[in-house]
Every structure is written in structure tokens, then in C-alpha cells.
Amino acid sequence: MRAIVVERFGGPDVLVLRETADPVPGTGEVVVDVEYAGVLSLDAALRRGEGPPRCAPVPPYVPGGAVAGVVTGLGAGADPGLHGARVLLRAPGGGHAERVAAPVPSLVPIPDGLGSGPAAALLDDGGTALGLLERTPVHPGEHVLVLPAAGGLGSLLVQLVTAAGGRVIGAARGESRQQRVRALGAEYVVDHSRPGWVAELHDLLPRGPAVVFDGVGGPAGRSTAWLVAEGGRYSSYGTAAGPPPELGPCEERARRLTVSSIDQLAGFGPDAPRRVREVLALAAAGELRPLVGAQYPLAEAARAHDDLEGRRATGTILLRP
């Protein structure tokens, strides 16, 4: 079968298409023919050798993990009824491949009425978005800033916050992304790539938003942390533009802030299967729409990574073997 292999750390050019051995399911495992594989910022960071030490791979390795596909092979002890099932999973040996092997307990059924592509877009971003909202609840009528609002995770946050009764201010680069964010339910949209966007937000909400979900970090993240209303909540979940802002205990106490640092993500794992099932059910019912920005053939994984890092794609990026 074909798979993408990272033979050394580096830029997108280190993603090379190779012929590899077909996976063989062990006891209690299945083989899944991959229909869609997700491409995340974490995948790019790991490829550069800059990912979290707890999940750092050793080259050569197959990147990626989020997979949607069809069960086509069964190991010893696997339920024969699984053959032909559409499932989601995190492939333990990497998901940028035509086929993967995985333990049966890791499989999440894809509900009827939901396509495999949208399901793949929900596996990571959907569960994380729901986890962020559970950790930092939003109350009806509160103003909530989502930065960025046009990415795979941010676009889901916009919808979930709106469904909870929050009034979303979305931050998105460029008019086309802003239009998509408005269509998802945002009441107001700002372009955080433009000078003066912080002042624009301050004019709109002199007391600041009650809640900020910051998936950017860096200077923009620091600006949004300063904008949070007194007694408000700040939730950090990404570092696309740099490290998350450091809010000291004195500042938190003085402004009566509740801060959820980026470290919160490490605690999302144990409850992830329940959250994924919830967002899949919402999507199947038409109550949540994942924003799939671009799809690339498996052989063009390098271009997918390059567009991800260059912020040229909107929403979740998928590979299709």
C-alpha cells in the first residue's frame, strides 16, 4: 500500500510517498481502508521536530492520526459484524496511509446520514471544541470572542457557543473567511490581521467580552487576554502565532479572571470518546456543521502541510487516499 513517510524532521518537503507493507491486524484489531485522513497543526509541528515531547515520533514514521474509513479486515477475536462498518479512529501507526490497523475499542461508529469527510473533520476538533466549552461554559447573552473563528476548531466553537446562547465575535483574516464566520452565527466579525482590530473590539465592547477562546497565542493572544471583561474567563488552546500569554496570579486576582491555560488540553483525553460521539450526533442531526476547507490526494500531503502552515486554507484540511 501507499503511505506518507517522514524520514527526517523538516519542512513539508520531508513528506514522501512510499510503498509500504499492508497492515496485518493482531488479536482484537481490525484493518480500515482510509477514506479521509485529517491534517492538524500538531501533525506539522511534529514533522518539524517541535511537537510536545510526550508524543514526539522518531523518524522514519507515518504522520497523522485522525482517520475515517471502512473496516475491511478482522483480526482474531474481532466481531465479524464490524466488517463493512464506517468508523472513526486515531491510527496508532499514523493515518496518512491507504490502510491502517487499530484496536477495536478505539473505533467510533459514524452515524447514518453523516459523510465520512465531515466525520473525519470532527474527530479531533469536534471533541476539543466541546471540551473547551465544558471547561469554560458560556451563559446566554454573554459576548464571546473566538480567535481564530474560521479554522476547523474555531468554526465549531462559533456554532457551539451560539447554540448555548452566547453572542459571538469572530476573528478571521480576509473577507471570504469573515463571510463564512457570519454564516455560522457570529454577530460581529473582526479581521485580526489588520492594524487597529483591538481598538475596534474595544469600541464595540468597552468592558470587554465575558469569554475569550484563544487559539492563536502570540501578540494577538496577549491582546485578547487584556480585553477580557473584569470577572470574565480566558481559555487558551493554540499557539499558531506564538506562545500563549502568561497571566500572573496578581493580574488574575486583580481582574477576577478565570484562566484555563493551554495545559487544559492534556486532560481532555479520558473523556474524548464521549465528546466525539456527542458532536457526531449533533452533526448527523444537522445541528453542527464542520467546516472542511480543502481536500488533497494522499500524494500531495506536502502541499496540504504547506497550505496549513501558510494559512491558505479555511477550516479542516483532509487527505483522501
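The structure holds 20 salt bridges, each a side-chain nitrogen of Lys or Arg within 4 Å of a carboxyl oxygen of Asp or Glu. This is a predicted model, in which local features need pLDDT of at least 70 and side-chain atom pairs count only at pLDDT 80 or more, while totals for chains, interfaces and linings use all residues. Residues are numbered from 1 along each chain as its sequence is written, and side-chain values use heavy atoms, with hydrogens and water left out.

Arg 167 pairs with Glu 187, and their closest N and O atoms are 3.1 Å apart. This pair links distant parts of the chain, 20 residues apart. Arg 167 sits in strand β9 (residues 167–171). Glu 187 sits in the loop between α5 (175–183) and β10 (188–190). Helices (H or I, at least four residues) and strands (E, at least two) are DSSP runs, numbered from the N terminus.

Now the helices. Two packed helices are described by the angle between their axes and the distance between the axes. Here axes are lines fitted to C-alpha atoms, for helices over the stretch in contact, and angles run from 0 to 180 degrees between N-to-C directions.

Helix α3 (residues 125–135) packs with helix α9 (residues 272–284) at about 105°, their axes 8 Å apart. That makes α3 roughly perpendicular to α9. Angles under 35 degrees count as roughly parallel, over 145 as roughly antiparallel, 65 to 115 as roughly perpendicular and the rest as oblique. From α3, Gly 126, Gly 127, Leu 130, Gly 131 and Glu 134 make the contact; from α9 come Arg 274, Arg 275, Val 276, Glu 278 and Val 279. Contact means heavy atoms within 4.5 Å. By class, three of these residues are nonpolar, three polar and four charged. Ala, Val, Leu, Ile, Met, Phe, Trp, Tyr, Cys and Pro count as nonpolar, Asp, Glu, Lys and Arg as charged, and the others, Gly among them, as polar.

Next come helix α1 (residues 41–48) and helix α10 (residues 301–309), whose axes come within 10 Å and cross at roughly 105°. These two helices are therefore roughly perpendicular to each other. Ser 41, Asp 43, Ala 44, Arg 47 and Arg 48 of α1 meet His 305, Leu 308 and Glu 309 of α10. This contact has two nonpolar, two polar and four charged residues.

Between α1 and β4 (66–74) lies Pro 60. The peptide bond from Pro 59 to Pro 60 is cis, with omega near -5°. Arg 311 lies in the loop between α10 and β15 (316–320). Arg 311 is not a glycine, yet has a positive phi of about 55°. Elsewhere, the peptide bond from Leu 147 to Pro 148 is cis, with omega near -5°. Pro 148 is in the loop between β8 (143–147) and α4 (152–163).
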